[in-house]
Amino acid sequence: MPKLAAIAGSMLALGAATPAFASAEPVAAIDIEVIKTQIDREERMTVPVRIGAKDTFNFVIDTGSQSTVVARSIAERLALPPSRRARIIGIAGTEAADTALVDEIGLGRRSFYNMEVVLFESRDIGADGIVGIDSLQRQRVLLDFDKRQFTIGDVRSQGGNRGFDIVVTARRRLGQLIMTNAVIDGVRADVIIDTGANTSIGNRAMQRAMSKRGLQELVTLTSVTGQTISAELGFPRKLSVGEFDITNLMVAYTDSPVFEYLGLTRRPALLLGMRELKLFKRVAIDFAANRIYFDLPELGS
């Protein structure tokens with residue numbers, strides 16, 4: 001069975017005693033943070049993150065992860081105080097993981113204090129760490145794929161809602177924003193933006209709905225936890241979000257515990273990865289207003 005050249009993110013932590021990034025330094029409403037990103041080998045966006053006063057590391061922006069993650073080797077190098085064991089749900093399964101305490105993490109000019117982070121191996125993360133949605137709540141984040149920029153701030157500081165072609169109102173569940181009005185080959189589906197994976201992942205309900213579209217080879221997905229899970233590749237013709245269509249999707253269908261945790265098993269659901277997301281010019285996720293904004297690419301680009 002071939003291994004899909006992708007890292008399946010969507011790591012969710014359960015029972016965290018102190019949510020990561022829960023103690024943020026107050027930032028004025030007019031402040032905006034524009035951070036230049038890099039694209040890693042899995043086509044994910046990474047940003048420089050400070051741990052302590054000087055050390056800077058590359059963290060993946062993962063809107064599918066509820067928790068912030070630090071590579072175990074970095075935690076040992078910085079002698080981060082251990083915290084406890086926590087139960088983690090990832091794409092490939094559930095397992096116990098170590099956590100550590102961090103006095104300060106910096107993202108641009110923003111600092112976050114007294115954090116509990118999850119520890120995984122850097123080879124499994126594919127980076128030095130992960131910036132999860134626990135650091136992004138009550139903010140709007142803008143992913144500019146053309147300029148390779150990551151922006152965090154409020155609506156006003158980002159210039160309002162001008163320039164976006166599609167606005168989708170999402171439903172919040174366990175910190176995630178779920179688009180409930182997407183249509184995949186005529187079938188309604190729930191969709192979550194997952195910037196931590198370059199491959200889109202569908203649940204079994206979606207696989208059954210797409211059964212007449214044909215399945216291809218069996219593949220193996222690798223989670224940031226280091227676990228693996230089998231999946232079947234499918235190729236839906238079209239995903240419609242508002243008036244915009246994404247064609248020729250590649251979806252890995254699997255029975256992931258993430259879908260059960262989020263209550264997304266009864267109807268088709270999709271974690272939309274970077275392979276499809278980078279087709280947009282920009283994507284803004286407004287966690288405060290429960291809205292997602294899409295800026296379409298220019299014709300001919």
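User: Which residues line the second largest cavity, and how do I read that?

Analyst: Thr63, Gln176, Leu177, Ile192, Ile193, Ile285 and Phe287 do. Rolling a probe the size of a water molecule over the atoms shows where empty space is left. Here a cavity is a set of points, on a 1 Å grid over the protein atoms alone, where a 1.4 Å probe fits but cannot get out, and lining residues have an atom within 4 Å of a point. This is a predicted model, where local features need pLDDT of at least 70 and side-chain atom pairs 80 or more, while totals for chains, interfaces and linings use all residues. Residues count from 1 along each chain as its sequence is written, and side-chain values use heavy atoms, without hydrogens or water.

User: Which strands each supply at least two residues of that lining?

Analyst: Look at β17 (176-184) and β18 (187-193). Strands are DSSP runs (E, at least two residues), numbered from the N terminus.

User: Is Glu42 buried or exposed?

Analyst: Buried means under 20% relative accessible area (1.4 Å probe, protein chains only). Glu42 has 12%, so it counts as buried. You'll find Glu42 in the loop between β5 (38-39) and β6 (45-51).

User: What is Arg282 in contact with, leaving aside neighbours within four places in sequence?

Analyst: Contact means heavy atoms within 4.5 Å. For Arg282, the list is Leu142, Leu143, Asp144, Phe145, Arg162, Gly163, Phe164, Tyr293, Phe294 and Asp295.

How values were computed. Helices (H or I, at least four residues) and strands (E, at least two) are DSSP runs, numbered from the N terminus. Buried means under 20% relative accessible area, exposed over 50%, partly exposed in between (1.4 Å probe, protein chains only). On a 1 Å grid over the protein atoms alone, a cavity is a set of points where a 1.4 Å probe fits but cannot get out, and a pocket is an open set with protein on both sides within 12 Å along at least five of seven lines; lining residues have an atom within 4 Å of a point.
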